[in-house]
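Here is a short briefing for a reader new to this structure. Look at the sequence and the model first, then take the points below topic by topic.

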Amino acid sequence: MNETVKIIARNGIVAALYFALTMLIYPLSFGMIQIRVSEVLVLLCFYRKDYTIGLTIGCAVANLFSGMPLDVLIGSAATLIACLGISFSKHLWVACLFPVVANGLIIGAELVMFAGEESFWVAAGFVALGELGAMILGYILFFILRKRQKVLDLLGANQNREFKC
């Protein structure tokens with residue numbers, strides 16, 4: 001199969017998974033206190049930079065349902081920034097920091113500016129806390145999967161196959 005077709009197919013699957021996991025727990029996926037299990041998927045960028053595309057698209061489509069029209073742009077930008085940081089990380093624990101910080105700051109600011117939240121630091125803290133939960137789950141999962149060569153092959157991992165924790 002052509003490599004371009006594989007990249008498009010993988011990213012389509014990742015975008016669909018992100019969307020589906022976000023919608024699965026819809027009420028918890030949006031707002032100041034948000035728990036997005038789908039955010040675990042951003043760590044896929046640790047293994048392949050091009051997963052940034054599918055994750056950003058999946059986030060944008062999911063954010064169409066947030067009730068805040070600008071969330072499609074702002075929330076997706078936070079995911080894009082986090083994915084880019086993750087894709088250049090060499091340590092999984094460092095990679096986990098990018099989504100916590102990016103989402104906490106960017107989504108926290110968005111909630112204050114457009115959703116009527118009063119305190120930036122409270123909003124940013126709650127968003128970051130939810131993201132931290134997803135990243136702890138993701139760290140454990142990716143730590144376990146790091147020795148599974150068949151999984152890495154299925155993901156098309158082309159970087160960090162032998163990563164430092």
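Asn160 lies in the segment after α7 (149-155). Helices here are DSSP runs (H or I, at least four residues; strands are E, at least two), numbered from the N terminus. The model is predicted: local features need pLDDT of at least 70, side-chain atom pairs count only at pLDDT 80 or more, and totals for chains, interfaces and linings use all residues. Residues are numbered from 1 along each chain as its sequence is written, and side-chain values use heavy atoms, with hydrogens and water left out.

**Backbone points**
- Asn160 has a phi near 55 degrees, a positive value in a residue other than glycine.
- Asn160 counts as buried because its relative accessibility is 13%; buried means under 20% relative accessible area, exposed over 50%, and partly exposed in between (1.4 Å probe, protein chains only).

- Helix α6 covers residues 120-145, 26 residues in total.
- From first C-alpha to last, α6 reaches 36 Å, close to the expected 38 Å. The expected span is 1.5 Å times one less than the number of residues.
- Helix α5 has 23 residues and reaches 33 Å, close to the 33 Å expected.
- The buried residues of α6 include Ala123, Val127, Glu131, Met135 and Phe142.
- These buried residues of α6 pack against α5 (92-114).
- Among the buried residues of α5 are Leu92, Cys96, Pro99, Asn103, Ile107 and Leu111.
- The cover over the buried residues of α5 includes α4 (71-87) and α6.

**Aromatic rings**
- The structure holds six aromatic pairs. Rings of Phe, Tyr and Trp (its six-membered ring) pair if their centres lie within 6.5 Å; planes under 30 degrees apart count as stacked, over 60 as edge-to-face and the rest as tilted.
- Tyr47 and Phe142 form a stacked pair, 5.8 Å centre to centre with 15 degrees between the planes.
- This pair links distant parts of the chain, 95 residues apart: Tyr47 is in the loop between α2 (26-29) and α3 (51-63), and Phe142 is in helix α6.
- Tyr47 counts as buried because its relative accessibility is 1%. Phe142 is buried too, at 5%.
- Tyr139 and Phe143 are also stacked, at 6.1 Å centre to centre and 15 degrees between the planes.
- Both Tyr139 and Phe143 belong to helix α6, four residues apart, about one turn of the helix. An α-helix has 3.6 residues a turn, so residues three or four places apart point the same way.
- Tyr139 is partly exposed at 25%, and Phe143 is partly exposed at 30%.
- Phe46, Tyr47 and Phe142 form one aromatic cluster.
- Arg146 lies over the face of Phe143, 3.8 Å from the ring centre. A charge sits over a ring if NZ of Lys or CZ of Arg is within 6 Å of the ring centre and within 35 degrees of the ring normal.

**Nonpolar cores**
- The largest nonpolar core has 28 residues, and Leu43, Tyr47 and Leu55 have the most contacts inside it. Such a core is a set of buried Ala, Val, Leu, Ile, Met, Phe, Trp, Tyr and Cys residues joined through side-chain atoms within 4.5 Å.
- α1 (3-24), α3, α4, α5, α6 and α7 each supply at least two residues of this core.
- A second, separate core of seven residues includes Met68, Ala78, Leu111 and Val127.
- Leaving aside neighbours within four places in sequence, the residues in contact with Tyr47 include Phe142, Arg146, Leu152, Asn160 and Phe163. Contact means heavy atoms within 4.5 Å.
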